[in-house]
Amino acid sequence: MILIDALYINNSGGKILLDYLIEEIEQRKLKVHYLLDDRIVGKHPVISDNSVTFVRANLMKRHQFYKENKLNFTKILCFGNLPPTLKTKAVVYTYFHQKLFLEIPSNTHIRSKIIFKMKAAVLNLLKVKTDFWIVQTDAMKQLLIHKLQFGSAVQVLTIPFYPSLEIAKKTTNAKYNYVYVSAGTHHKNHIKLIDAYQIFYGSSDKKSELHLTIGDEFGILQDYIKEKVNLGFPIINHGFVNRNALKEIYSKASFMIYPSLSESFGLGIVEAIESGCEVIGADLPYMHEVCEPSLCFDPNNVDDIVAVLKSSVSGKFKPTKQKIHNQLKDLLQLLN
């Protein structure tokens with residue numbers, strides 16, 4: 001029996017990947033047991049023939065599950081960054097996709113820094129409980145090896161995967177629509193993007209729009225957007241959107257602008273490219289792993305973001321080139 005341990009996944013890009021993984025496992029009729037966060041009860045793809053355990057996502061509950069079931073599985077995929085809390089006889093694969101456990105941007109709020117450092121300490125304690133690590137990019141592989149001080153015997157596999165959006169026909173009438181599909185957490189860097197867009201729009205021919213997807217849990221950021229809208233700036237916040245709505249948003253955009261300060265992958269970048277958008281991206285390693293962007297900028301410099309927005313209007317950019325592709329088949333092959 002295979003265990004899919006995704007206990008710490010309940011929202012954002014991780015949830016999108018988990019839903020896709022469940023859909024493919026169910027379609028291929030693999031025999032698995034799922035360990036899932038009880039916050040996603042009724043909010044996941046249909047699970048037909050396989051069994052599920054829902055528990056509250058905390059370390060003690062997870063440890064109790066492994067204690068009671070450590071002899072029941074031949075293979076385990078830990079999809080929530082942390083290996084099991086105890087050593088089992090199963091072959092364990094840990095899919096790691098949280099860069100903030102390894103490297104925290106300097107401008108991160110102090111409370112968030114403390115939380116991530118605590119989680120990093122737990123990760124360091126549990127790192128010996130897995131046989132293989134899986135990451136989405138080679139840059140993440142090198143960072144993981146460096147930060148956790150792995151020896152040569154540790155195997156880290158690079159296997160990116162993601163669900164492709166059905167590409168919608170471009171319907172935009174406005175030539176310069178910009179989109180940033182992302183939650184509103186601090187390291188996503190929305191404030192600098194919004195400030196830069198305000199300056200750019202004030203000095204441009206006023207044909208553009210900036211589309212965002214900030215959910216209601218980020219009330220302060222939503223209020224900041226409303227302030228700019230009330231001043232006459234065309235910033236459209238769609239809130240949290242499902243994947244069908246995302247297709248529509250991408251179809252009306254010419255550019256994905258991506259100022260995030262830290263990413264293990266950047267699902268929105270790939271979605272945008274496959275939907276026909278050019279990418280204007282932060283000049284950081286994660287961006288160059290995923291694609292060759294049309295334009296790059298320093299994400300900590302508002303003036304630099306303004307400059308690349310102006311370059312996009314002038315047409316002074318190269319086409320974006322995608323470098324990473326879906327390898328889900330390789331991941332599922334490990335579990336067979």
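**Exercise 1.** Determine whether Met-118 is buried or exposed in this predicted model.

*Solution.* First, recall the classes: buried means under 20% relative accessible area, exposed over 50%, and partly exposed in between (1.4 Å probe, protein chains only). Next, apply them: Met-118 has 54% relative accessibility, so this residue counts as exposed.

Two conventions apply throughout. Residues are numbered from 1 along each chain as its sequence is written, and side-chain values use heavy atoms, with hydrogens and water left out. Because the model is predicted, local features need pLDDT of at least 70 and side-chain atom pairs count only at pLDDT 80 or more, while totals for chains, interfaces and linings use all residues.

**Exercise 2.** State how many disulfides the protein has, and examine Cys-277 and Cys-291.

*Solution.* Step 1: a disulfide is a covalent bond between the sulfur atoms of two cysteines; here the criterion is a pair of cysteine sulfur atoms within 2.5 Å. Step 2: by this rule the count is 0. Cys-277 takes part in no disulfide, as its nearest cysteine sulfur, in Cys-291, lies 12 Å away. Step 3: for Cys-291, the closest cysteine sulfur belongs to Cys-296 at 7.7 Å, which is too far for a bond. Step 4: both residues are buried, Cys-277 with a relative accessible area of 3% and Cys-291 with 1%.

**Exercise 3.** Compare the radius of gyration of the protein with that of a compact globule.

*Solution.* The radius is taken over C-alpha atoms, and the globule rule is 2.2 Å times the number of residues to the power 0.38. For 336 residues the rule gives a value near 20 Å; the protein has 21 Å, which agrees.
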